[in-house]
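Trainee: Please walk me through one part of this model closely. I want its packing, with the cut-offs stated.

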Amino acid sequence: MLPCDHRESPRIAAARAVLVLMATLSVAACQPAVAPEREPESVPVQNQADVVVARGEYLVNILACNDCHTPYQMTAEGPRPDMSRMLSGHPEALQMPSPPTLLEGPWLWVGAGSNTAFAGPWGVSYATNLTPDQNTGLGIWTEDLFRQAMRTGRHMGTSRPIMPPMPWPAYGQMTDDDLRAVWAYLRSVPALVNHVPEGMPAEPPAQAP
Ligand code: HEC
């Protein structure tokens with residue numbers, strides 16, 4: 001064989017053929033049977049809004065907003081929030097008499113069976129209508145107002161203190177994203193017309209002369 005002869009011996013050619021076959025097989029073995037679908041470039045805006053509302057629903061459920069803002073009704077399992085009146089607050093038809101006078105502790109406060117009206121040293125408080133109804137719910141509120149109210153514990157973010165047992169000191173610690181999600185969910189629930197009576201803060205104790 002001449003030094004420059006490029007022809008291969010049959011043995012080398014056979015070995016090369018086997019190597020090529022093995023390489024082809026191993027590549028084929030690495031290929032998934034079906035090509036994976038491409039990830040979408042970004043989540044469509046509509047879906048993003050849905051994700052935020054779903055997060056808000058989850059938070060409202062685990063933070064028990066329905067426990068006070070949805071009137072209880074008696075069921076076979078005991079009192080449960082009546083979800084046909086979801087988040088509509090103290091029922092306007094349930095007029096509460098003046099609260100009983102409690103003796104000096106340790107019983108300090110009372111609540112209605114609906115779990116929507118409460119009386120204690122702070123005065124009388126009624127769970128508000130959190131649905132988006134324009135006149136009786138949070139219709140005119142903005143996300144900013146809501147965040148302010150939760151953070152400061154002030155009615156509509158600026159006026160009188162929000163009374164117990166509304167646990168705003170705990171909710172006010174939510175992240176902005178979580179508060180935004182709760183707000184987005186509250187905007188998405190059915191608007192229910194239910195006029196909740198104004199809360200009545202207790203008179204401040206008379207100043208000593
Ligand atoms: C333990 C009972 C209770 C729970 C739980 C509760 N609330 Fe309240 N909430 C109240 C009461 C009572 C008031 C009325 C307070 C007042 O009039 O000062 C109120 C008032 C509010 C107000 C009106 C504040 C304002 O500025 O007038 C908003 C908004 C609100 N709650 C949202 C929520 C949200 C959202 C949740 C769940 C994350 C929740 N609440 C859970 C009892 C509760």
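Mentor: Start with the contacts in the protein chain between residues at least 6 apart in sequence: 60% of them join residues at least 24 apart. Contact here means C-beta atoms, placed from the backbone, within 7 Å. The model is predicted: local features need pLDDT of at least 70, side-chain atom pairs count only at pLDDT 80 or more, and totals for chains, interfaces and linings use all residues. Residues are numbered from 1 along each chain as its sequence is written.

The protein chain has six helices and six strands. These are DSSP runs numbered from the N terminus: helices are H or I with at least four residues, strands are E with at least two. The order is α-α-α-β-β-β-β-β-α-α-α-β. Of its 209 residues, 21% count as buried. Buried means 20 or more other C-beta atoms within 10 Å of the residue's own; exposed means 12 or fewer; partly exposed lies in between; C-beta atoms are placed from the backbone.

Now zoom in on helix 4, residues 143-152. Its buried residues are F146, A149 and M150. Seen down the helix axis, they fall within an arc of 95°, so they line one face of helix 4. That arc is taken over the directions from the helix axis to the C-beta atoms. The buried residues pack against helix 5 (168-171) and helix 6 (176-188). After helix 4 comes G153, with a positive phi near 70°.

Next, the surrounding core. The largest nonpolar core has 17 residues; L130, V182, W183, Y185 and L186 touch the most other members. Helix 4 and helix 6 each supply at least two residues of this core. Helix 6 gives the most, with six residues. A nonpolar core is a set of buried Ala, Val, Leu, Ile, Met, Phe, Trp, Tyr and Cys residues joined through C-beta atoms within 7 Å. In soluble globular proteins, nonpolar side chains tend to be buried together.

Take L130. Leaving aside neighbours within four places in sequence, L130 is in contact with C65, H69, L87, G89, G137, L138 and L186. Another core, of seven residues, lies apart from the largest one; F118, A119, Y126 and V196 are among its members.

F118 in strand 4 is the bridge partner of G111. Strand 3 and strand 4 (residues 117-120) pair in the antiparallel sense over two bridges. Pairing requires that DSSP find at least two bridges between the strands.

Technical notes: Two residues are in contact if their C-beta atoms, placed from the backbone, lie within 7 Å.
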